[in-house]
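Let us take a walk through this model together. Please keep the sequence and the coordinates at hand as you read.

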Amino acid sequence: MNMSFSTSDSPSTDDAVEPDKSPSPDIGGKIEAENKECVLVEAINMALHYEMARDDSVVVLGEDVATNGGVFRATLDLKQTFGAARVLDTPLAEGLIGGISIGMATQGLKPVTEIQFMGFMFAALEQLMCHAARMRNRTRGRLACPMVVRMPFGGGIHAPEHHSESTEALLAHTPGLRVVIPSSPIRAYGLLLAAIRDPDPVIFLEPKRIYRAQAQRVCNDGEALPLDTCFTLREGEDITLVSWGALISECSQVADQMLERGIAVELIDVATVSPLDMATILESVAKTGRCVIAHEAPKTGGIGGEIAAQLAEHALLDLKAPVLRVAGYDTVMPYAKKEALYLPSAAQISNAIQQVLNFA
Amino acid sequence: MRGRQQFSIHFLQYLDPEGNLDLPLPEWTTDGPLLLSIYQNMVLARLLDQKAVALQRTGQMGTYPSILGQEAISVCTGLAMAKNDVLVPYYRDAPAQMIRGMSAAELFMYWGGDERGGNLNTASLDLPICVPIATQLTQAAGVATALKIKGEDSVVVTSCGDGATSKGDFMEALNLAGVWDLPIVFVINNNRWAISVPLAQQTRAPTLAQKAIAAGIEGIQVDGNDPIAVYEVISKAIERAREHKTPTLIEALSYRLSDHTTADDASRYRDADELKAHWQEEPIHRFQQFLHQQGLWDREQEKALQSHCQQTIDQAVEQYLAAEEEPATAIIDYLHAFLPYSLESQRSAIQHKDASVNTEGESR
């Protein structure tokens, strides 16, 4: 195997800037750098194929990821294409999965690890929070953990208990972890490539409600999107709507409806919820003077609270109305029958916008 | 496989507590310099350990976990490893780390509350110690996986205490080592105490080595205070891991002659007679007797060694106490490879913060 093992002192971030040196890698026997119509989970699969072909140090591991291709098929055909040495079915133990990912990352591999559902991440949290997030600091830069932990998260697919929560704030509250959440096939592809190429640990949360919701043409060119950056999905003068993940779909619908009524919503997809790109949000609010934040996670202690607090700190004089949050309730995620009650709806977002606009 | 299998756990000891031979010596013991190196490193480890406790007691260092009485395990671990092997230690393994390049000053720095003590400048890709119990074991399994994927012939040695064997991480790591045929050696320093909880309250299993059986890997028990037995077992296990990608679990029986850490008082929970009895089995006296009997060591050599160690330690203390402070921004500069722009204002705040108002409290 021809491997280039960069140690932590020479992080391979150049990769993110420098375009791929070997043009058109052979991906699954096909040469493709063309646009491909695909849904979010297929875009993830495509990014994994691309990066495994480009970089021999990338390995994929997790429960059911190899032969089965992942329970959501995110890792489909990787084992067939890249072999069992680089695509590993692990025993059923999330703490172990966290630990071995760290061990592998310290030795120059780039593990892309799947935790089957976010609700099962808790056994791995000690490894992620106490070690992955700290290895670079603990060794003053001698070792690092360039690893990605992918987890499907969020509600809306009528799954059993522990399969539907949104606990991104727990992870975002840990210095040293990046938390990235795509909201479309294009961003899933570009952000996952960026996450794998990042020299530090990235938690990549995949909104499974929209895994197969909407197809988009994704260019399989290996171009990464920037991390730590919000994406302004549409510009508008009247109000700033901030969200991420699956709820971006509802937010877009609401923005369409508002436009029909002559209200121009500026829609911002946060994408990296930690570290937070507040500059983009502040710039928008300086223009609109009004802001609604929508997230699926419970309201109290959620990322929305952090955004609102920073608006209070830095944009008080720009604000023409209170900042409102539309969020999940501070209760246990209901089982499938009542999960729609919990999930923030387009109507709730719409009402919040109206309330903020109506404020004198 | 159906039904009940028969298993047994082998126990290895060459030297009894008086340094007398129980078994014919293994072949490698004809290497006189190696035998002396084991002894010299154990003596250095003990004196350094005493100094670390003294530094803490005099307010010049923070909480410190002594390794008193368990020197043989760590020293033999360090000496049995090849340079390009990877050590994934727990926090009572400083002698092995030092044999692999960590300086005594780094040890003091770490326990003196300075992250630079975890840098281990000279020790290749070894992992630093960490405080949570047993989490290093699954990381070590990951390191071994990486070595295997990369096709390298190096192996991993990882260590833990007896308390760690009660954690899921321990069993998860052993299990994976078996399933994936990992080149890894697990060394348990069974010093019989996890702070105040004796081994009998950790497990009903008569040995810890037998936990290997459930994982389908080799398990062996060794007298951890007998340097010859420890070196023999660890070097053989490393050899097997290197040649055959076969993992081994080693339970080294020792005893924690010290408190758990300098913040602990073992007299609250441990019988004084038990402690006294175990002093009769400690490794340094035993090995010194053996070397005398073999005609490899005399009083003059002992005197020279003591003074050499003292000199090394004095230099390390001097270096530790004279170390220049890291700049304030070091507390955020190593969080990521590149500082996210959103943290720039916090970095600047750190730079301009007068920390003296926060550090006037007494150190423990």
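This is a predicted model: local features need pLDDT of at least 70, side-chain atom pairs count only at pLDDT 80 or more; totals for chains, interfaces and linings use all residues.

Residues are numbered from 1 along each chain as its sequence is written, and chains are lettered from A and ligands numbered from 1 in the order in which they are written.

Let us begin with chain A as a whole. Its C-alpha trace spans about 65 × 45 × 40 Å along the principal axes. Chain A holds 13 helices and 16 strands, where helices (H or I, at least four residues) and strands (E, at least two) are DSSP runs numbered from the N terminus. Of its 360 residues, 57% count as buried. Here a residue is buried if 20 or more other C-beta atoms lie within 10 Å of its own, exposed if 12 or fewer, and partly exposed in between, with C-beta atoms placed from the backbone. Two residues are in contact if their C-beta atoms, placed from the backbone, lie within 7 Å. Among contacts in chain A between residues at least 6 apart in sequence, 81% join residues at least 24 apart.

Now look at how chain A is divided: domain 1 covers 25-219 and domain 2 covers 231-358, with bounds that come from an automatic or database domain assignment. The centres of the two domains, taken over C-alpha atoms, are 27 Å apart. Where they meet, 26 residues of domain 1 of chain A are in contact with 23 residues of domain 2 of chain A. On the domain 1 side, the elements that give two or more residues are helix 7 (168-172), strand 8 (178-180) and helix 8 (185-197) of chain A. By class, that side has 12 nonpolar, eight polar and six charged residues. In this scheme Ala, Val, Leu, Ile, Met, Phe, Trp, Tyr, Cys and Pro count as nonpolar, Asp, Glu, Lys and Arg as charged, and the others, Gly among them, as polar.

Next, turn to the place where the chains touch. Here 37 residues of chain B are in contact with 40 residues of chain A. Helix 5 (135-149) and helix 6 (168-179) of chain B are the elements that give two or more residues to the chain B side, and helix 5 of chain B gives the most, with 11 residues. The chain B side divides into 20 nonpolar, 12 polar and five charged residues.

Ala134(B), in the loop between helix 4 (104-111) and helix 5 of chain B, has a positive phi near 75° although it is a residue other than glycine. Ala134(B) counts as buried because it has 23 C-beta neighbours inside 10 Å. In chain A, Asp77(A) has a positive phi too, about 70°, and lies in the loop between strand 4 (58-62) and helix 3 (78-82). Asp77(A) has 15 C-beta neighbours inside 10 Å, so it counts as partly exposed. Finally, a cis peptide bond joins Ser274(A) and Pro275(A), with omega about -5°.
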